[in-house]
Each structure stands twice: as structure tokens, then as C-alpha cells.
Amino acid sequence: MKPSKLRLALLFAISLFLTAPVYGDQFDVSANATTFWNTLTITTDPGVSLTWLGTSNQTDAFQFFNNTGLGGSNPNWDPLSYRNQIGGVTTSGEATAQSLSSNIVWSSYPPSGTDSMNIQKGGNFLVTGSGNVTFTINYSLAANRSVDASSLPYPFIETGGVVESDLLLYIPYVRSLDYSQHFLFFPTVDGSVSDSLSQNGTATVSSYLTNGETYWIRAEAHSYVALAAPEPSSFALLGFGLFGIIFSSRVRKGFSAKRSGYTPPLTSLT
């Protein structure tokens, strides 16, 4: 006897449960941002000079995994190293005398979510004399992605993200002066994909600064990855959905038979 439609639907749902984790080895997304701190140069108009206020100089690490903040900071631009692993995602950041770098690697069969990693250095400085001041810094951005979802029910894996390098100059809590932000996007896609992107450049901020004022400068390297992937409940819902379709089809057939005047034969109880 041939299997019933209900039995086929249940077998299909169970097969989804059993095969889903297999595809984890075919998933990898990484994002890397580096800002080269040792290339920070400052040029000023004649008669203008800067004095760093060492007590305010900081190196910071910020991670936000699904809106939960993690991280820490070191004073006086001291080196900083950060690493964290949550499930299938590994996040790291490092600040040295030469560079700031942030890195996210999201691999294996992952849960849905977002992760961002930011490493930054910044500090206050006092300006003597009034005139134009320009800050420049070099950066490097890269993103890699490989997702083989060809055997998964489309579109069960969706990935995207951004890598960026920023240079900011402002008076804290008062007003923004200048902001140089450089992005590298790897666009959101669903299903199978294999791509890589890279970008190198220079960030520059420049403004007229006033004698006797205190300003803040900050450089940062930032990585962000977001993805949506099926959880086991998704497969269960799919199986139940198929069952519902089959069941509703059978019910509709019964109603159609009644409307057509057909009456099934009665069987004897004896």
C-alpha cells in the first residue's frame, strides 16, 4: 500500500530536522576593519599648536551582540586586546601603537542575530592660537562571505553587514565639527552566495579651531554582521504547514462531496 499524504508530510518534516545541522559547515561570513593609528598626522596654520591632555586619552573596545553591550577601555592610549565567542560567532579587537582593528567571523550553522565590534582611540587636546587644523589617517576595510544554502528551503539564510573606519573631531556634548566616515557594504542577500570586498583609503577632517578651546579627536575601526537563519521551529512550522495544506484539502473534498449530493454508503453495525 502506498504511503498516505499525511505520512509523507511527517517524513518530510522529520527529514528537515535531521538534515538542517549538516549545512553549518557551508556557512562563513567575516568582516575586518583596520585604522592605522601610526599614520595619524596633524597639520596646522602658522602659529597654531596642539597640546594633548593625557588624562583624557583612551582606548576603547565595544561589542554589541543582539543589543547587549560588552567591552572595556584602557587609559592613556594603552594597548588593548579583546576576544569573545558566542555560539558560532567569534569577535575580536586589538589596539596597538600602530593600528586599531576589529574583526567578526560568523561561521557554522548560526542562530539569527547581529554582532558589532568597535575599537577606538580618542582624546582631548588644547589649542594655542587660532587657525585651520587638519587630521589625516589611513585605513583598510575587508569583508568575505561564503554561504552554500542551495539545499535549504529558500531563502532560509540571509546575510549582510558593513565595515567602516571613522575619524571624528568635535567639542564633546556641544556640537559636531567634522566627521570622516568610510563604509564598505556587503549587501543583504538570501540563499547561496560567495563574494569578497576590500577598500583602502585615507580619512581627513579639517576645521578652524579657536585659541584656548579644548577639542576631542577620535579614530575607530568598526565591523558589523547581521544574519537571519532558520531555527528548528522554522522547520517544524514548515512541516505543520504542509500537514495543514493536506488536511484542509481533504476537508474541502468532503464538503464538495456533500454539496454534490453524494452520500457515502452506510455500514451495518451488526
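## Reading contacts, strands and charges

Author: Start with one residue and its neighbours. Leaving aside residues up to four places away in sequence, Leu169 touches Phe125, Phe135, Leu177, Asp178, Val205, Ser207, Leu209, Tyr215, Trp216 and Ile217. Keep in mind that this is a predicted model.

Reader: Which residues touch the most other members of the largest nonpolar core?

Author: Leu169 is one of them, together with Phe125, Phe135, Val163 and Leu167, in a core of 45 residues. Strand E9, residues 131-147, supplies the largest share of this core, with 7 residues.

Reader: Which strands pair with E9, and in what sense?

Author: Strand E1, residues 27-44, is joined to E9 by 14 bridges, and the two run antiparallel. Strand E12, residues 193-209, also pairs with E9 in the antiparallel sense, over 17 bridges. To follow a pairing on screen, pick single partners. Asp28 stands opposite Ser146 in E9, while Ala143 has Leu197 in E12 as its bridge partner.

Reader: How many salt bridges does a search of the whole structure find?

Author: The general idea comes before the count. Side chains of opposite charge can pair when their charged atoms come close. Here the search of the whole structure finds 2 salt bridges. One joins Asp195 to Arg145, with the closest N and O atoms 2.7 Å apart. This pair links distant parts of the chain, since Asp195 is in strand E12 and Arg145 is in strand E9, 50 residues apart.

Reader: Which side chains meet in a salt bridge at 3.1 Å, N to O?

Author: Those of Glu220 and Arg218. Glu220 is buried, with a relative accessible area of 7%. Arg218 counts as buried because its relative accessibility is 18%, under the 20% cut-off.

Reader: How far is Arg218 from Asn57, in sequence and in space?

Author: Arg218 and Asn57 are 161 residues apart in sequence, but their C-alpha atoms are 9.6 Å apart in space. Asn57 is found in the loop between strand E2 (49-52) and E3. With residues up to four places away in sequence left out, Asn57 touches Trp52, Asn74, Pro75, Asn76, Trp77, Gly122, Gly123 and Asn124.

Reader: Where does Gln63 lie, and is Gln63 buried or exposed?

Author: Gln63 lies in strand E3, residues 58-65. Its relative accessible area is 1%, so Gln63 is buried.

Reader: What polar contacts does the Gln63 side chain make?

Author: Look for N or O atoms on both sides of the pair. The side chain of Gln63 makes a polar contact of 3.1 Å with the side chain of Asn84. Another polar contact, also given as 3.1 Å, joins the side chains of Gln63 and Asp115.

Note on methods: Residues numbered from 1 in each chain as written. Predicted model: local features only at pLDDT ≥ 70, side-chain atom pairs only at ≥ 80, totals over all residues. Heavy atoms only, no water. Core = buried A, V, L, I, M, F, W, Y, C linked by side-chain atoms within 4.5 Å. Buried < 20%, exposed > 50% of the residue type's maximum accessible area, 1.4 Å probe, protein only. Helix = DSSP H or I, 4+ residues; strand = E, 2+ residues; numbered from the N terminus. Contact = heavy atoms within 4.5 Å. Polar contact = N/O pair within 3.5 Å; in protein donor to acceptor, adjacent residues only side chain to side chain. Pairing = 2+ DSSP bridges. Salt bridge = Lys/Arg side-chain N within 4 Å of Asp/Glu carboxyl O.
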